Amino acid sequence: MSKKTLSSNELKAIHSLELEALTVIDQICRRHSIKYTLIDGSLLGAIRHNGFIPWDDDVDIAMLRDDLEKFKLICKTELPSKYFYQDMSTDPEYLYLFDKIRINNTLFKESYLAEYNINHGVFIDIFPVDNVSDNKKEAKKQFNSFIFLRHMFMAKYLSVKARKGKKKIIAGLIKYLIPNNTKKIRNKAFDIMCKYDKEKTKNVRIFPSPYVKKDVYCRKFFDEVEDHKFENHNFLISKYYEQMLVNDYGNWRELPPKDQRVTRHNLVDFKL
């Protein structure tokens, strides 16, 4: 699959659309006392750049599971028609373990998902934050079980054509030799994520995050949020943003080398 390279003007146009969508999300959350925080590159952008990282192409936020379920329900009536709330219930071929707000009538088709009949619009990622057992042995078991199922799920779900080298070979073998239904594997992983959500545990984890091995936090990281400037708007971030950034990036104040300042998503089609 050929990769679409975004120009600086296209990135700015994407940022403008995402900023508008994030503003809508923020308004809904504030209206209903729902807490969220910018995370990952969006949190780094807020602190280091007071807005988007110039080469970033999406927005990431996270909510505790209860807040996410509340937000999802409210979106059914309050999300403007310009946007589409994407999860498995609204878009059956979309099986990711986190949700998205898509911008209708745009196209941001990633190579990994290109073969699926889903809404491929420009998006904001919404990650769930789930409970981790206070028992260290059980927490380790929960994590290891999730990682095993996640690897199997991603190998079966994501397009083999979009992969390269050994990963392509391994994914191809898993996809075609392991008989388990992809949706069943996905649902088992989801159940493990939510296993302790009826308890109020000390620690929580963003299981579907790229930083899942590191992403264990105290609950207060998501309970205690504050306003921070982002592109001349105020959005919510964790009061413990410093610890989160060190956790994910180490020396987050230092810019990466120029050859690493590139967009993250591999696109096969794009239209605004």
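Residues are numbered from 1 along each chain as its sequence is written, and side-chain values use heavy atoms, with hydrogens and water left out. Because the model is predicted, local features need pLDDT of at least 70 and side-chain atom pairs count only at pLDDT 80 or more, whereas totals for chains, interfaces and linings use all residues.

The largest nonpolar core holds 84 residues; such a core is a set of buried Ala, Val, Leu, Ile, Met, Phe, Trp, Tyr and Cys residues joined through side-chain atoms within 4.5 Å. Helix α1 (residues 8-31) supplies the largest share of this core, 10 residues. Helices here are DSSP runs of H or I with at least four residues, and strands are runs of E with at least two, numbered from the N terminus. The members that touch the most others are Leu38, Ile61, Met63, Phe71, Phe146 and Phe222. In soluble globular proteins, nonpolar side chains tend to be buried together.

Phe146 touches Leu97, Ala189, Ile192, Met193, Phe207, Pro208 and Val212, residues up to four places away in sequence not being counted; contact means heavy atoms within 4.5 Å. Gln142 lies in helix α4 (residues 136-157). Gln142 counts as buried because its relative accessibility is 4%, where buried means under 20% relative accessible area, exposed over 50% and partly exposed in between (1.4 Å probe, protein chains only). Beyond its neighbours within four places in sequence, Gln142 is in contact with residues including Asn131, Ser133, Lys195 and Tyr196.

Both Gln142 and Phe146 take part in the meeting of α4 with α6, where the residues on the α6 side include Ile185, Ala189, Ile192 and Met193. The axes of α4 and α6 (residues 182-193) come within 9 Å and cross at roughly 155°.

Two loop residues remain. Most residues other than glycine have a negative phi. Ser33, in the loop between α1 and β1 (37-38), has a positive phi near 55°. Asn50, in the loop between α2 (40-49) and β2 (59-64), likewise has a positive phi near 55°. Ser33 counts as exposed because its relative accessibility is 63%, while Asn50 is partly exposed, with a relative accessible area of 39%.

Methods:
Axes are lines fitted to C-alpha atoms, for helices over the stretch in contact, and angles run from 0 to 180 degrees between N-to-C directions.
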